[in-house]
Every structure is written in C-alpha cells, then in structure tokens.
Amino acid sequence: PVASRSSSGMRVSPDGALRLAAVYACVRILSETMASLPVVVYRRRSDGGKDRITDHWLYDLLAKRPNRFQNPFEWREMLQGHLALRGNAYNQIFTNGRGEITELMPIHPDRIRMELLANGEYRYRISDRFGNDSVMPRGEVWHLRGLSSDGLMGMSPIELARESLGMALAAQGYGARFFANDAKPTGGWIEFPGSFKDAE
C-alpha cells in the first residue's frame with residue numbers, strides 16, 4: 001500500500017504512524033491486553049447450562065497452538081495489531097481430514113485483497129513475498145474486521161486519522177531538526193521597510 005500524503009506534506013502509513021509514541025503506546029496496550037485475555041470454550045448441556053471444557057480441538061487451537069510458528073499470545077497480539085493499524089486481520093485456515101481446523105496462519109493485511117464476484121460472493125487474492133499471486137475462496141480465510149462501513153472491509157484507523165497523524169509527524173520532525181541545531185533557527189534575516197537614524 002502506498003502511504004497517503006496529508007495536507008501537512010507528510011506521508012502517513014500504518015507502519016510510519018508507529019514512529020509517534022502515542023500511536024505505538026495505544027497499539028501496544030490494545031494488542032498486549034487482548035493477547036493476555038483467557039480463552040474459554042464451553043459445551044452446552046441438554047438442560048440449557050454449559051460446561052467449561054479443555055478437551056476440544058478448538059481449545060487446543062486457540063489456547064495452546066494456533067500455528068506451528070507462534071504461541072497463542074504472539075498470535076493474538078499480532079492480529080490485534082493488524083486490526084488497530086489496518087482495520088483488518090486475516091488467517092489462512094488449514095484443516096485435517098475430519099474437517100477440524102489444525103492451523104490458523106496469519107496473512108499480513110498488505111498482502112491480501114478482497115475481490116467481489118459477479119454472483120455476489122467474494123474471494124481473496126494473496127501475494128507472497130516473492131510476488132506470486134494465489135486465490136482463496138472465502139471459506140479458506142478467516143477475516144476479522146474492525147469498524148466497517150460496508151460489512152466487507154474494516155476501515156483503517158490510520159487512514160481515517162491521516163491529517164492528525166500527519167500534523168503530529170511534521171511537528172515531531174520539525175522539533176527534532178530544531179533541537180539538533182542547538183535550538184537555533186536554521187537561518188534568515190529581518191527586513192525593516194524604512195531607514196534607521198544612524199548606522200549603528
């Protein structure tokens with residue numbers, strides 16, 4: 001994705017916005033808090049009640065090992081970070097012969113896009129890091145959406161706050177240059193539209 005230029009002249013992107021301490025702190029707190037919440041799976045009883053269970057494949061997936069590379073904390077932290085910065089988070093779904101989900105492999109939101117089909121359905125086109133494209137039906141991708149205006153795609157909080165973030169980045173950059181120059185203006189002069197009484 002191309003970073004959007006704000007009115008201040010700064011290019012604002014999800015990753016670039018993390019250079020602002022306030023943005024980083026917000027994303028970190030959201031992500032770490034979501035990742036630290038417990039995962040609880042219940043089984044309904046015939047009398048209408050429910051029992052907490054830990055002997056189900058879904059519990060193993062969400063609370064123990066979502067994929068072969070990440071533990072549950074890292075996985076949920078990453079997904080919440082994608083939601084906070086880009087408004088969408090994606091996982092490729094892997095299943096076994098019994099139809100049980102064995103892995104949820106994260107897909108970076110910048111590498112995937114939704115394609116609407118003529119019959120009203122949609123699918124996902126994914127680009128890998130080598131530039132190869134593959135197409136997946138919606139049943140093979142778990143798509144988490146943030147605040148959405150159409151129910152299909154989440155809106156990027158960074159894009160929506162582009163002007164505010166651009167101003168903050170510009171002010172941060174100006175302040176850094178100003179203090180790097182010993183808090184002195186970089187140069188200039190003062191003009192007076194008249195004459196002084198004496199040379200001094």
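What follows is a set of exercises, each with a worked solution.

The model is predicted, so local features need pLDDT of at least 70 and side-chain atom pairs count only at pLDDT 80 or more, while totals for chains, interfaces and linings use all residues. Residues are numbered from 1 along each chain as its sequence is written, and side-chain values use heavy atoms, with hydrogens and water left out.

**Exercise 1.** Find which residues of α2 are buried, and on which side of the helix they sit.

Step 1. Locate the helix: α2 covers residues 21-36. Helices here are DSSP runs (H or I, at least four residues), strands are runs of E with at least two, and both are numbered from the N terminus.

Step 2. Pick out the buried residues (under 20% relative accessible area; exposed is over 50%, partly exposed in between, with a 1.4 Å probe and protein chains only). In α2 they are V23, V27, S31 and A35.

Step 3. These residues cover an arc of only 75° around the axis, so they are on the same side of α2. The arc is taken from the directions from the helix axis to the C-beta atoms. An α-helix has 3.6 residues a turn, so residues three or four places apart point the same way.

Step 4. Turn to the face away from the buried side: there you find the exposed A21 and A22.

**Exercise 2.** Work out which elements the buried residues of α6 pack against.

Step 1. α6 spans residues 162-180, and its buried residues are L165, G166 and L169.

Step 2. Those residues fall within an arc of 105° seen down the axis, so they line one face of α6. On the other side, S164, M167, Y174 and F179 are exposed.

Step 3. Look for contacts (heavy atoms within 4.5 Å). The buried residues of α6 pack against β2, α1, α2 and α5.

**Exercise 3.** Is S6 buried or exposed, and which residues does S6 contact beyond its neighbours within four places in sequence?

Step 1. Find S6 in the loop between β1 (4-5) and β2 (11-12).

Step 2. S6 has a relative accessible area of 5%, so S6 is buried.

Step 3. With neighbours within four places in sequence set aside, S6 is in contact with V12, R162, E163 and G166.

Definitions and conventions. Expected span 1.5 Å × (residues − 1).
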